Every structure is written in structure tokens, then in C-alpha cells.
Amino acid sequence: MELISGDVSIRRFRNDDIQRIAQLANNEMISQNLRDAFPHPYSEKDAEEFIKRCLAIEPNFAYAVCYKGEYVGNIGIMQEKDVYRKSVEIGYFIGEPYWNLGIATKAVNLICDYTFANFDIARIHTGIFEYNKASCRVLEKSGFQKEGVFRKSVFKMGRLWDEIRYARVKEE
């Protein structure tokens, strides 16, 4: 599976992505915007284990983001359970050298359109840490609506932060 929008594409991970993932992910600016399960420092062993987990899951919901054919980040969705089973959570990161090029917006649109077209999903949502204004803009440009603020719900970098919740609902 490969989805393309201009010079941005998303595809399955490959083992030859390991070194590049470790290079871009080993950045405190990246880890500050993600949950603590995302390690910092980020090693090639972390990347290898991540790719191994991704390739073992079917259907695969985690993808490499490429810009002009070169790996630049990750994007994925995670299906919710129980009464929330028609919803997925989206997560992504783009390596710092590729920020402000519109890559994340294109990748988010690609995975959302693909998810709504191919799976019985009604809603895609996520939470953004209050200081990650760039990610808020990506979601807003991708048709996500701000649904609310979970006040002081995230503990990151030694303090409490608000989480801004966004969602995009499948068009009827």
C-alpha cells in the first residue's frame, strides 16, 4: 500500500528505514510532543523493534511518511475498543528538518481519506499538548474540529499541560 499526494507519500515500513528513523526520532523536540512511550534517546534498536511490531500487525495501521521518496516521519492510527470501536486515534511525527513544508498536513489527509474509505470508521481523533501549536494547525488544515480542552491532563517535561482534543468525522 502506498498513498501519494504530490511529493508526499505514506507507505509500509521497511527494514531499510531503521537507520533513518533513529536519526530523525532521536531528537528531544520530537519526543517532547509525543507520549512517554516514545523513547528518548531513540536508538536504532528502538527503530528496529518498532518496525518489527508494525510489520507483524494486520491490518497494518502504522506507516512511513516520505517526502520526495525519502523517509521523513511516521503516521498511524489505533483503533479504539468496546463502544468506541468506530473511532481511531491518529498520531504522527515529522523529522525536524522537514517541518513547515506541509508534509504533515498531506500525510494526515492521506491517512484519514484512506481510513474512511476502507474501514468501518466514523471518527478520527487525537489530543495535542497545548504547546504544540504547529500540530494544532496541521489538524485544523486537515478538517479536524477542536472539541475541547482537557485542563492540566498531561504531565510532560516536569509539569502539567492542557491537552487540546481534535476530531474529524466521516462525511455522511
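Buried means under 20% relative accessible area, exposed over 50%, and partly exposed in between, with a 1.4 Å probe and protein chains only. The model is predicted: local features need pLDDT of at least 70, side-chain atom pairs count only at pLDDT 80 or more, and totals for chains, interfaces and linings use all residues. Residues are numbered from 1 along each chain as its sequence is written, and side-chain values use heavy atoms, with hydrogens and water left out.

Q: Which residues of helix H5 are called buried?
A: Ser135, Cys136, Val138 and Leu139, in H5 (residues 133-141). Each is under 20% relative accessible area. A helix here is a DSSP run of H or I with at least four residues; a strand is a run of E with at least two; both are numbered from the N terminus.

Q: What puts these residues on the same side of H5?
A: They cover an arc of only 160° around the axis, so they share one side of H5. The arc is that of the directions from the helix axis to the C-beta atoms.

Q: What covers the buried residues of H5?
A: The cover includes strand E5 (87-94), helix H4 (103-118), strand E6 (123-129) and strand E8 (159-169). Contact means heavy atoms within 4.5 Å.

Q: What makes E1 and E2 a pair?
A: Two strands pair if DSSP finds at least two bridges between them. Strand E1 (residues 2-5) and E2 have four, in the antiparallel sense. The hairpin has two residues between the strands, and in it Gly6 takes a positive phi near 65°.

Q: Which way do the residues of strand E2 (residues 8-11) point?
A: Val8 and Ile10 point one way, Ser9 and Arg11 the other, and all are buried. E2 also pairs with strand E3 (residues 62-67), antiparallel over four bridges. Val8 stands opposite Tyr67 in E3.

Q: What is the order of the strands in the open sheet?
A: Eight strands run E1-E2-E3-E4-E5-E6-E8-E7, with mixed pairing.

Q: Why is one side of E1 and of strand E7 (145-156) left without a neighbour in the sheet?
A: Because E1 and E7 stand at the edges, each with a single partner strand. The twist averages 25° from one strand to the next. E7 and E8 pair in the antiparallel sense over eight bridges, and the bridge partner of Gly148 in E8 is Arg165.

Q: At what angle to E4 does helix H1 run?
A: H1 (residues 18-25) runs at about 85° to strand E4 (70-79), lying across E4 and E5. Axes are lines fitted to C-alpha atoms, for helices over the stretch in contact; angles run from 0 to 180 degrees between N-to-C directions.
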